[in-house]
Amino acid sequence: MKNKYRILVTNDDGYEAKGLLKLIEALRELDDVKVTIVAPANEKSACGHSLTLVRPLRFISVDDDFYKLDDGTPSDCVYLSLSTIFEEKKPDLLISGINRGSNMGEDITYSGTAAGAMEGVLHDVPSIAISQVMDFTNPDGDFTLAQKTIKELVLKIKNGTFPLPHREFLNVNIPSDVEEAKMLVTYAGYRYYANDSHVHRNPRGEEHYWLGLHPLNFSAREGVSGISDYEAIRDGHISITPIQLDLSAYKSMNRLQEWID
């Protein structure tokens, strides 16, 4: 009997998130595919590539081949899955998402969704992070195009090869309010940030703060050819960015050596 193509799924919005459930639904429509889900028990948005080292973690069964990790991060979910559920044989593919909101530019460094894919490629598992750009005034969002896109990408990988070398993953962003879109290969754009925090006081007068949401404000990078992820999304296209884990600033090495000398 032919072995099924095994996909490990995680996210950072939590095990009940609509985007995760829509991803599972799409993948289960594919032939000869076995889907295993290990997702955080709680939302872990913007947790970055963090592992939990100060307390124990516990798998809790939600359904067949579906687990939530008690207070775990996406990186925890992947790390523990590979050392337990997939101890004998690694999955063929890892998919993290579908995230509620974009993960473009330097936001990738904050993203728990991207971190799930990072953890996958650290262990030599081909990985994809996928995010749905959306208007947060609409709490539900439409994941139809994201479902269609991820199925196309999985079939292309399943029936061929993963297009990237070791320690690189695909970061996919889906435009909002678009039924059909072209896939464009992009680079991570230059994100502008501002400090946005809101102070509140409890009945005892003690202050606490909520961190606000930044508007999507990007620009192209100087001296870089091609199109940025934000430009693709702005124009209604699907952005697919190859992300590498090597953070070395190679262009600055000679200048740094001269400074030291």
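E152 is partly exposed, with a relative accessible area of 36%; the class partly exposed lies between buried, under 20% relative accessible area, and exposed, over 50%, computed with a 1.4 Å probe and protein chains only. The model is a predicted one, in which local features need pLDDT of at least 70 and side-chain atom pairs count only at pLDDT 80 or more, while totals for chains, interfaces and linings use all residues. Residues are numbered from 1 along each chain as its sequence is written, and side-chain values use heavy atoms, with hydrogens and water left out.

The partner of E152 is K148, with which E152 forms a salt bridge whose closest N and O atoms are 2.7 Å apart. A salt bridge here is a side-chain nitrogen of Lys or Arg within 4 Å of a carboxyl oxygen of Asp or Glu. K148 is also partly exposed, at 34% relative accessibility. K148 and E152 are separated by about one helical turn, because they stand 4 residues apart in helix 5. An α-helix has 3.6 residues a turn, so residues three or four places apart point the same way. Side chains of opposite charge can pair when their charged atoms come close.

Helix 5 itself covers residues 144–158, which makes 15 residues. Helices are DSSP runs of H or I with at least four residues, strands are runs of E with at least two, and both are numbered from the N terminus. From its first C-alpha to its last, helix 5 reaches 21 Å, close to the 21 Å expected at 1.5 Å a residue; the expected span is 1.5 Å times one less than the number of residues. The buried residues of helix 5 are L145, A146, Q147, T149, I150, L153, V154 and I157.

E29 lies in the loop between helix 1 (18–27) and strand 2 (33–40), so the pair ties together parts that are 122 residues apart in sequence. K151 counts as partly exposed at 23% relative accessibility, and E29 is partly exposed as well, with a relative accessible area of 49%.

A search of the whole structure finds 9 salt bridges. Another one of them joins the side chains of K44 and D71, at 2.9 Å from N to O. This pair links distant parts of the chain, 27 residues apart: K44 is in the loop between strand 2 and strand 3 (59–63), and D71 is in the loop between strand 4 (66–69) and helix 2 (74–83). K44 is buried, with a relative accessible area of 17%, whereas D71 is partly exposed at 27%. A network of salt bridges links K44, R55 and D71.

Phi of D71 is near 60°, a positive value in a residue other than glycine. D65 likewise has a positive phi, of about 55°, although it is not a glycine. D65 lies in the loop between strand 3 and strand 4 and counts as partly exposed at 29% relative accessibility. A further backbone feature is the cis peptide bond that joins G97 and I98, with omega about -10°; I98 lies in strand 5 (residues 93–100).

The surface carries patches of two kinds. Patches are made of residues with over 30% relative accessible area and no salt bridge, with like charges joined within 9 Å and nonpolar side chains (Val, Leu, Ile, Met, Phe, Trp, Tyr) within 5 Å. D135, D142, D177 and E179 form a negative patch. In this count Lys and Arg are positive and Asp and Glu negative, with His and the chain ends not counted; the place of a charge is NZ of Lys, CZ of Arg, CG of Asp or CD of Glu. D177 sits in the loop between strand 7 (168–174) and strand 8 (183–185) and is exposed, with a relative accessible area of 82%.

The nonpolar patch consists of L51, L53, V54 and Y79, with about 460 Å² of accessible area together. Accessible areas come from the Shrake-Rupley method with a 1.4 Å probe, and for residues only the protein chains shown count as cover. Y79 is found in helix 2 and counts as partly exposed at 40% relative accessibility.
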